[in-house]
Amino acid sequence: MAAVAFPNFKPSKRSYKAGSYPQRQFKALNGATTTLRYGNRRTESTLALGFENLRDAQIAQILEHYEAVAVSGDWVKFGTGNGLAGAGVELHPFLNETTSGLRWRYADAPSVESIAPGISSVNVNFVGNLDAGGSSDGNTSERPDEGFYFA
Amino acid sequence: MGIYSSGQSGVLVFDGKTIAKVSSWALQASVAALETTSLSDTAKTYTPGIKAASGSCSVWMYRESAQAPVAGEALISKVFRTSATSEKDIYGMSLMYQTDKGVKFNCIITDAALSLSVGEIMQVSLSFQVTSDLIEVLL
């Protein structure tokens with residue numbers, strides 16, 4: 001498995017949620033709360049990209065990318081030519097999850113809306129998760145790839 | 001001497017018949033601009049979408065004699081009616097401003113407004129929506 005670059009189309013809208021730390025909260029009868037944190041790395045970040053009024057040939061490239069990544073178990077990386085377009089460099093490590101060790105995968109299938117002959121809009125949603133077997137120090141290069149299994 | 005068009009040369013042909021006593025007609029056409037602005041752009045960008053056209057006309061409610069048909073009756077009856085509309089209610093229309101200059105298209109009459117006031121001849125104002133592409137454009 002490897003990182004696969006997203007097709008080079010710049011989104012017209014983008015929404016990012018940083019994800020949360022795995023934890024559980026217990027509340028006592030008197031209302032006092034105790035929080036148990038199970039990990040020191042956030043997970044389940046989300047990234048939603050919207051592409052308005054692309055040519056259908058471009059939409060097809062995104063769908064083909066979805067099929068390729070979903071079947072192989074690869075994950076998705078972004079650059080300034082696509083998902084990171086227009087974002088300041090300070091945001092790049094978050095939007096690409098390079099320091100967190102999270103890996104972007106499609107959260108669901110892309111949804112395509114036909115607008116006019118040959119023109120469509122598409123929304124794609126990604127979820128960033130830690131693959132199982134990852135090291136706890138956040139060094140992604142030491143992480144084996146056994147986190148994605150085929151039935 | 002220059003050539004120009006005025007109301008005198010205007011003609012409205014509806015369903016193959018020239019409508020008498022037309023006081024005005026107007027036609028507007030547009031092309032949708034679909035926004036393609038991406039996050040790194042600093043100015044909005046667009047791509048052309050689908051076309052549309054619509055128009056309006058006004059016709060005097062006038063007839064040459066008691067036996068003659070009312071001018072514009074054919075148009076009015078498409079909206080002021082007691083029967084239901086059907087797919088057959090798409091009609092050919094030509095708006096000409098010179099003998100060989102004008103626009104031809106198919107349309108649906110969408111609005112009709114009758115008005116009558118003291119000291120004026122009764123008039124009907126109609127709106128129409130062009131359906132599909134324009135058939136012929138001679139400008």
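**Note on a predicted two-chain model**

1. In chain A, taking the contacts between residues at least 6 apart in sequence, 68% join residues that are at least 24 apart. The model under discussion is a predicted one, and the points below should be read with that in mind.

2. The secondary structure of chain A comprises two helices and nine strands, and along the sequence these elements follow the pattern β-β-β-β-β-α-β-α-β-β-β. Of the 151 residues in this chain, 26% count as buried.

3. A residue worth a look in chain A is N53(A), which lies in strand 5, covering residues 45-55. Although N53(A) is not a glycine, its phi is positive, at about 55°. Is N53(A) buried or exposed? With 21 other C-beta atoms within 10 Å, N53(A) is buried, because the count reaches the cut-off of 20 or more that defines a buried residue.

4. I59(A) belongs to helix 1 of chain A, which spans residues 56-72. This residue is buried as well, since 22 other C-beta atoms lie within 10 Å of its own. Leaving aside residues up to four places away in sequence, I59(A) touches L54(A), V112(A), S120(A) and V122(A). As for P22(A), which is 37 residues away from I59(A) along the chain, the C-alpha atoms of the two residues are separated by 36 Å.

5. Turning to where the chains meet, ten residues of chain B are in contact with eleven residues of chain A. Which elements of chain B give two or more residues to the side that touches chain A? They are strand 3, residues 22-35, and strand 4, residues 46-60, and of the elements of chain B it is strand 4 that gives the most to this side, with three residues.

6. S132(B) is placed in strand 7 of chain B, which runs over residues 123-138. Is S132(B) buried or exposed? S132(B) is exposed, because 11 other C-beta atoms lie within 10 Å and a residue counts as exposed at 12 or fewer. Set side by side, N53(A) is buried, whereas S132(B) is exposed.

Terms used:
Residues numbered from 1 in each chain as written. Chains lettered and ligands numbered in written order. Predicted model: local features only at pLDDT ≥ 70, side-chain atom pairs only at ≥ 80, totals over all residues. Contact = placed C-beta atoms within 7 Å. Helix = DSSP H or I, 4+ residues; strand = E, 2+ residues; numbered from the N terminus.
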